Amino acid sequence: MAQADPLSRLKEQIRKYTGLTAIPDIARYRRIRGVKDGYCIFIGCTEPIAWEDAGGGNFLCEGHYLTVRRWVDEARSGYL
């Protein structure tokens, strides 16, 4: 059985852990300043949110932001 390409594997990993069907544009995420209501997009995560996408949604806690950033970097390394 052939291995899926790195971006397909990344997309499946994101879907599995967040329910999202698209890869978040992690390069456009920004740190949340002040207090904001919301939950990390990772299923079952209860950590405080620390990052949001350019549209002000799809929140990530600090740990999951670092995880997604690492996953994206790893996929790019395998893809390029």
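This is a predicted model: local features need pLDDT of at least 70, side-chain atom pairs count only at pLDDT 80 or more; totals for chains, interfaces and linings use all residues.
The chain contains two helices and three strands, and these elements follow one another along the sequence in the pattern α-β-β-β-α.

**Strand pairing**

- The three strands make up an open sheet whose order is β1-β2-β3, with antiparallel pairing.
- At the edges of this sheet lie β1, covering residues 30-31, and β3, covering residues 60-61, each of which pairs on one side only.
- Strand β2, which spans residues 49-52, is joined to β3 in the antiparallel sense through two bridges.
- Within this part of the sheet, Trp-51 has Leu-60 of β3 as its bridge partner.

**Extent, burial and contacts**

- The C-alpha trace of the chain extends over about 45 × 25 × 20 Å when taken along its principal axes.
- Of the 80 residues in the chain, 35% are buried.
- Among contacts in the chain with a separation of 6 or more, 40% are accounted for by residues 24 or more positions apart.

**Surface and charge**

- The chain carries 12 positive and 10 negative charges, and the mean position of the positive charges lies 2 Å apart from that of the negative charges.

Key: Residues are numbered from 1 along each chain as its sequence is written. Side-chain values use heavy atoms; hydrogens and water are left out. Two strands pair if DSSP finds at least two bridges between them. Helices (H or I, at least four residues) and strands (E, at least two) are DSSP runs, numbered from the N terminus. Buried means under 20% relative accessible area, exposed over 50%, partly exposed in between (1.4 Å probe, protein chains only). Contact means heavy atoms within 4.5 Å. Lys and Arg count as positive and Asp and Glu as negative; His and the chain ends are not counted. The place of a charge is taken as NZ of Lys, CZ of Arg, CG of Asp or CD of Glu.
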